[in-house]
Amino acid sequence: MGIQEAIEGKKQWRAQMARVKALPPDYRIVYKEIQKYVFKVGVLESLGEPPLSGIADFFEEGAAAGKGALELIGADVAAFCDDLLEESRT
């Protein structure tokens, strides 16, 4: 990874974190829990995007629809993460 790629990756990560901070509190809490779990167990494969950018998109859509975070992913955050990791490996 070159310096330019590292700089661009950092910019993308900061932009994603700004999006997460704009989410309702329940979404921010769940996002942080997903982030901790995924980084502890294994990083998602991403195609030039920051890890979990799809989750940020998913959460923004859910918040815009007026749904709670747990309505989208279910009550078991770890099970959601396991499914997410399994899908990313296939």
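**A buried tyrosine and a helix pair**

Mentor: Let's start with Tyr31, which counts as buried because its relative accessibility is 0%. Keep in mind that this is a predicted model.

Trainee: Are H1 and H3 roughly parallel or roughly antiparallel?
Mentor: Take H1 at residues 3-21 and H3 at residues 53-64, whose axes come within 10 Å. Those axes cross at roughly 25 degrees. Angles under 35 degrees count as roughly parallel, so H1 and H3 are roughly parallel.

Trainee: How many charged residues are in the contact of H1 with H3?
Mentor: On the H1 side you've got Gln16, Arg19 and Val20, and they meet Ser53, Ala56, Asp57 and Glu60 in H3. Sort the residues of that contact and you get 2 nonpolar, 2 polar and, for the charged ones, 3.

Trainee: And Ser53, is it buried or exposed?
Mentor: Ser53 sits in helix H3. Leaving aside neighbours within four places in sequence, Ser53 is in contact with Gln16 and Arg19. Its relative accessible area is 9%, and under 20% is the cut-off, so Ser53 is buried.

Trainee: One last thing: is the crossing of H1 and H3 left-handed or right-handed?
Mentor: We've already got the angle, roughly 25 degrees. The hand describes how H1 passes H3, and here the crossing is left-handed.

Terms used: Residues are numbered from 1 along each chain as its sequence is written. This is a predicted model: local features need pLDDT of at least 70, side-chain atom pairs count only at pLDDT 80 or more; totals for chains, interfaces and linings use all residues. Side-chain values use heavy atoms; hydrogens and water are left out. Axes are lines fitted to C-alpha atoms, for helices over the stretch in contact, and angles run from 0 to 180 degrees between N-to-C directions. Helices (H or I, at least four residues) and strands (E, at least two) are DSSP runs, numbered from the N terminus. Angles under 35 degrees count as roughly parallel, over 145 as roughly antiparallel, 65 to 115 as roughly perpendicular and the rest as oblique. A crossing is left-handed if the near helix is turned anticlockwise from the far one by less than a right angle, and right-handed if clockwise. Contact means heavy atoms within 4.5 Å. Ala, Val, Leu, Ile, Met, Phe, Trp, Tyr, Cys and Pro count as nonpolar, Asp, Glu, Lys and Arg as charged, and the others, Gly among them, as polar. Buried means under 20% relative accessible area, exposed over 50%, partly exposed in between (1.4 Å probe, protein chains only).
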